[in-house]
Amino acid sequence: MTQGGEDVKLLGAWASPFVIRIRIALNLKGVDYEFLEEVFGVKSELLLESNPVYKKIPVLIHDGKPVCESMIIVQYIDEVWATKGPAILSADPYDRALHRFWAYYVDDKWFPSVSAISRAQTEEAKAEAVEQVFAGLKLLEEAFQKCGKGKGFFGGDTIGYVDIALGCFLAWLKATEKMTGIKFFDEAKTPLLAQWVERFCADVAVRGVMPETDKMVEFAKMLQTKFKAAASAK
Amino acid sequence: MASGGEVKLFGMWASPAVRRVEWALKIKGIEYEYIEEDLSNKSTSLLEYNPINKQVPVLLHKGKPIVESLVMIEYIDEVWNHNPILPEDPYERTKARFWATYSEGKCRDAVGKVYFTEGEEKENAIKYLEDIVRVLDEELKGKRFFGGENIGFSDLVLGWMAFWLPVAEEVASFEVLDSEKFPWFASWTDNFLQVPVIKENLPPRDKTVEFFQNYRQQRLAA
């Protein structure tokens, strides 16, 4: 009922998957916004003011009021601009519960298992971490069938809540694939997801905000150098 | 009004995550069948309905399972509209959900750390927990509940702290609930436990202390 006001700002950074989630959601709803890019390694006054508890991006500032935590922001966008663009979450309570569960799974279980690969100290630990990721992808393939009900996205005909939750990591995952040789989305292992990846990245709501793989590789290398330097400085 | 027979809850009596779902069901006056699980010997039903986490709580509605207590409470609130748990206004809803994720993302780990550490590690864990509680205390300034005059989503999700934090303090011998340091938070714990639907739906204190004493001993010995 309440139409969104004109004043929409997003505090973020181009490389952050959590920020990409918000940009996709805003694009789906056709909402114009001012993108305030944080400088890497420096937290702006506005960020510290708007998110005093976590001091993290993304923060959506709508008519001066800050909203924090990426999937909370996505739900807010879906609710405020309910009459614009496709629904990000279905109106059916059971579907909503199912999609919310899978978004939790991505954040609490699956993406941490991906991060574990780069943190693994031994080849054995790395192999184990990779196995975990693939086990998770199998579950996500099944989830795709359940949620998408034979359509092109977890959300059905259009990008939805779980698509956003998982899809935001694709640039990072593609960069990791390039750097490690591991193929996460294998047509032979998870055919539905492999097709979904291409479909998602090609979508008009995603294209402009998904970083190019080479740029992500450069960024990842920069981060690795930084962490190595910090670790050896101790 | 809210029919029974079609709602089942798989739980464990000492679990805070289970209890918060029961509070939500009671607020709505929903009849449900409660199934107590022995977590050392999980039922085939539980494993069938929650194959991924294999945990309680699991809510079954008309045979369809819902997992994750926060997801369950939102589901309950959406299916049964009376006695609303989440606010209507989208901005207020973001705040309700924010404090709910703060509970699960920050508070639980913080309490867990104090439980399962000793010596200097434990001292640091206590300081960290105090910082967490300070944030909650500041948020509660001038408010009776996180939800305002009445309990809401954040209160239900954070409510475990009102009962299980004092239990932790007794079991692991520490004190964080200081009404001088954190007056608003301390009042909130008192007020929350006085709400009839909460007061009438808590596990027995002695049994709970004993349960967590055993749990802590097992973990520390491992």
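Predicted model: local features only at pLDDT ≥ 70, side-chain atom pairs only at ≥ 80, totals over all residues.
**Notebook: the domain 1–domain 2 contact in chain B**

I started with one pair: Glu74(B) forms a salt bridge with Arg97(B), their closest N and O atoms lying 3.0 Å apart. I count a salt bridge when a side-chain nitrogen of Lys or Arg is within 4 Å of a carboxyl oxygen of Asp or Glu. Between domain 1 and domain 2 of chain B I find 2 salt bridges.

Residues run from 1 along each chain as written, chains are lettered from A and ligands numbered from 1 in written order, and side-chain values use heavy atoms, without hydrogens or water.

Next I checked the bounds: domain 1 of chain B spans 7–79 and domain 2 spans 90–221, from an automatic or database assignment. I get 21 Å between their centres, over C-alpha atoms.

Then I looked at area. The two domains of chain B bury about 1700 Å² between them, 73% of it on carbon and sulfur atoms; that is accessible area (1.4 Å probe) lost on being put together, summed over both. On the domain 1 side, Trp13(B), Arg20(B) and Trp23(B) lose the most, together 40% of what that side buries.
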